[in-house]
Amino acid sequence: MKIQQLFTDAGLRSTKARIAVLKVLASADNALSHPEILDKMSLQKEFDRVTIYRVLDWLTEHGLVHKISGDNRAWKFQFSQNSYTHVESNTQKKQLLNNSHQHAHLHCTSCGKVTCIHELTPQFSKQVLAQYHVESIDINIKGLCEACSHSH
Ligand SMILES: [Zn+2]
Ligand SMILES: [Zn+2]
């Protein structure tokens, strides 16, 4: 996967730090917490903690990654697959950006892996949307991931 291309497709400015952090998340098969990301980036001494935290916020804000609430209220970061690929207009981009946050996460009670379940998305009636301003959605499912449910 070409990380640089993701920024180009999204019309976003890439920096060395942004590419490095996104690369870590894109190559992980699971959502990563702050300490895990710092650990994976510890070999690249050119980026300090604050820079990495700032980059994570920026990537989240622009929909390239999304935040998942993990155990103990600690955030985990997950690479947003297909968030921008082959999207032409800005409107479509915005829609996809919103959609990328509106799916459920399965938290495996056996191995702790967090999986994005894109097939499950919330449905809001017009009435609800008129009444409330929805900022973000975080649907959590507890259960066994694919690997663990097969070994049971
Ligand atoms: Zn599992
Ligand atoms: Zn997700």
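Modeller: From the N terminus on, the elements of the protein chain run α-α-β-α-α-β-β-α-β-β-α-β-α. That gives 7 helices and 6 strands. The model is a predicted one. Of the 152 residues in the protein chain, 19% count as buried. Among contacts with a separation of 6 or more, 54% are between residues 24 or more positions apart.

The part you ask about is an open sheet of 3 strands, ordered E1-E3-E2, and its pairing is antiparallel. Strand E1 (32-33) and strand E2 (65-69) are the edges; each has a single partner strand, so one side of each is left without a neighbour in the sheet. In general, the strands of a sheet pair through backbone hydrogen bonds, in either a parallel or an antiparallel way.

E2 and strand E3 (residues 75-79) run antiparallel and are joined by 5 bridges. Two of the paired positions can be named. Ser69 stands opposite Trp75 in E3, and His66 has Gln78 in E3 as its bridge partner. The two strands form a hairpin with 5 residues between them, and Asn72 in the turn has a positive phi of about 55°.

Ala74 is also found in the loop between E2 and E3. Is Ala74 buried or exposed? Ala74 has 11 C-beta neighbours inside 10 Å, and a residue with 12 or fewer is classed as exposed, so Ala74 counts as exposed. Ala74 and His34 are 40 residues apart in sequence, yet their C-alpha atoms are 8.3 Å apart in space.

The largest nonpolar core has 18 residues, and Val21, Leu22, Leu25, Ile37, Leu59, Val65 and Phe77 touch the most other members. At least two residues of this core come from each of helix H1 (3-10), H2, H4, E2 and E3. H2 supplies the largest share, 4 residues.

Phe77 shows what one such residue touches. Apart from its neighbours within four places in sequence, Phe77 is in contact with Leu25, Ala31, Leu32, Ile37, Leu56, Val65 and Lys67. Of these contacts, Leu25, Ile37 and Val65 are also listed among the core residues that touch the most other members.

Helix H2 (residues 16-27) and helix H4 (residues 49-61) meet at an angle of about 75°, and their axes are 9 Å apart. An angle from 65 to 115 degrees counts as roughly perpendicular, and H2 and H4 therefore stand roughly perpendicular to each other. On the H2 side the contact is made by Ala17, Arg18, Val21 and Leu22, and on the H4 side by Thr51, Ile52, Val55, Leu56, Trp58 and Leu59. By class, the residues in this contact are 8 nonpolar, 1 polar and 1 charged. Val21 and Leu22 of H2 and Leu59 of H4 take part in this contact, and these three residues are also listed among the core members that touch the most others. Leu56 of H4, which is in the helix contact as well, is one of the residues in contact with Phe77.

For comparison, here is the other sheet. It is an open sheet of 3 strands in the order E5-E4-E6, with mixed pairing. Strand E5 (114-117) and E6 are at its edges, each with a single partner strand, so one side of each is left without a neighbour in the sheet. On average, neighbouring strands of this sheet are turned by 30° against each other, direction ignored.

Strand E4 (residues 104-108) pairs with E6 in the parallel sense over 5 bridges, and Cys108 has Gly143 in E6 as its bridge partner. E4 and E5 run antiparallel and are joined by 4 bridges, with Cys116 in E5 as the bridge partner of His105. The hairpin of E4 and E5 has 5 residues between the strands, and Gly112 there takes a positive phi near 85°. Strand E6 (residues 139-143) has 5 residues, of which the number buried is 0, so E6 lies largely in the open.

Methods
Residues are numbered from 1 along each chain as its sequence is written. Chains are lettered from A and ligands numbered from 1 in the order in which they are written. This is a predicted model: local features need pLDDT of at least 70, side-chain atom pairs count only at pLDDT 80 or more; totals for chains, interfaces and linings use all residues. Two strands pair if DSSP finds at least two bridges between them. A residue is buried if 20 or more other C-beta atoms lie within 10 Å of its own, exposed if 12 or fewer, and partly exposed in between; C-beta atoms are placed from the backbone. Axes are lines fitted to C-alpha atoms, for helices over the stretch in contact, and angles run from 0 to 180 degrees between N-to-C directions. Angles under 35 degrees count as roughly parallel, over 145 as roughly antiparallel, 65 to 115 as roughly perpendicular and the rest as oblique. Two residues are in contact if their C-beta atoms, placed from the backbone, lie within 7 Å. Ala, Val, Leu, Ile, Met, Phe, Trp, Tyr, Cys and Pro count as nonpolar, Asp, Glu, Lys and Arg as charged, and the others, Gly among them, as polar. A nonpolar core is a set of buried Ala, Val, Leu, Ile, Met, Phe, Trp, Tyr and Cys residues joined through C-beta atoms within 7 Å.
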